[in-house]
Amino acid sequence: MTQDAERKLILPSYRRDDVDAHPPLLSPGYRSTVSRAPQQPLTYLPQRLTEVTGPLLGEGRLGELDHDLTRQHDGEPLGQRIIVHGRVLDGDGRVVPHTLVEIWQANAAGRYRHAADTWPAPLDPNFTGVGRALTDADGRYRFVTVQPGAYPWRNHDNAWRPAHIHFSLFGRAFTQRLVTQMYFPGDPLFFQDPIFNSVRDERARQRMVARYDHAATRPEWALAYEFDIVLRGREATVFEDEDDDE
């Protein structure tokens, strides 16, 4: 029996209690999870004072253009300009103010500015694809960026990832982190994406899809999408393992 076969026999016995709302740590359709999923039950490690009191995440640590990915370089990036905005809420519907929200994404051609991304799509010299912002007193955040493109990956035959933006949310320290992905409505690639479909509950999957917001769309300038992030409770946004960053 091969090592991979042994892993396949062991891993299905380990699962999250909330597997219907959140993706299982082992999702066979997403092949990378075979090597990433734990082989033993997780061990709880309590956070101690030094882990929950620093580093501080304040406004002084953000650059003026960190939230606007279209103005971080001398020239403008190519692609459809979009506004992505929303609120961060707790399980009781209360806003979460002054929390750090980070995003990263592919450019309009579907390519990341990363050494490991070598598929033949053009790099954009005016687009790095990363941004961050703090929520305001009402729990609201806002980014200006470009519509990311779909891109191929070698998970299965003719595999393409739907357009998406990665979101990372921090608490009051870097050890308090949640990661998710935001998708766009009506994407034709949803049907064959094992990451999106690893979330088995249909309502939970739809909470990862942004809503087109015509009221916030800027005439002759940018389309707008609204994406609220709920940290806990029945309406919680689906979060993923931090290693699943493809």
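Strands S2 (residues 100-104) and S7 (residues 164-170) run antiparallel and are joined by four bridges in this predicted model. Val101 has its bridge partner in S7, at Leu169.

Aromatic contacts were examined next. The structure holds 11 aromatic pairs. One of them joins Tyr183 and Phe190. The ring centres lie 5.8 Å apart and the planes meet at 80°; planes over 60 degrees apart count as edge-to-face, so this pair is edge-to-face. Tyr183 and Phe190 are both buried. Tyr183 also forms an edge-to-face pair with Phe196, at 5.0 Å centre to centre and 75° between the planes. This second pair links distant parts of the chain. Tyr183 lies in strand S8, whereas Phe196 lies in helix H4 (residues 194-197), 13 residues apart. Phe196 is buried, as is Tyr183. Elsewhere, Tyr141, Phe143, Phe167 and Phe227 form one aromatic cluster.

Arginine side chains also lie over tryptophan rings. Arg161 lies over the face of Trp153, at 5.6 Å from the ring centre. Arg218 takes up such a position over the face of Trp221, at 4.6 Å from the ring centre.

Definitions and conventions
Residues numbered from 1 in each chain as written. Predicted model: local features only at pLDDT ≥ 70, side-chain atom pairs only at ≥ 80, totals over all residues. Heavy atoms only, no water. Pairing = 2+ DSSP bridges. Helix = DSSP H or I, 4+ residues; strand = E, 2+ residues; numbered from the N terminus. Phe/Tyr/Trp six-rings, centres within 6.5 Å; stacked < 30°, edge-to-face > 60°. Buried < 20%, exposed > 50% of the residue type's maximum accessible area, 1.4 Å probe, protein only. Lys NZ or Arg CZ within 6 Å of the ring centre and 35° of its normal.
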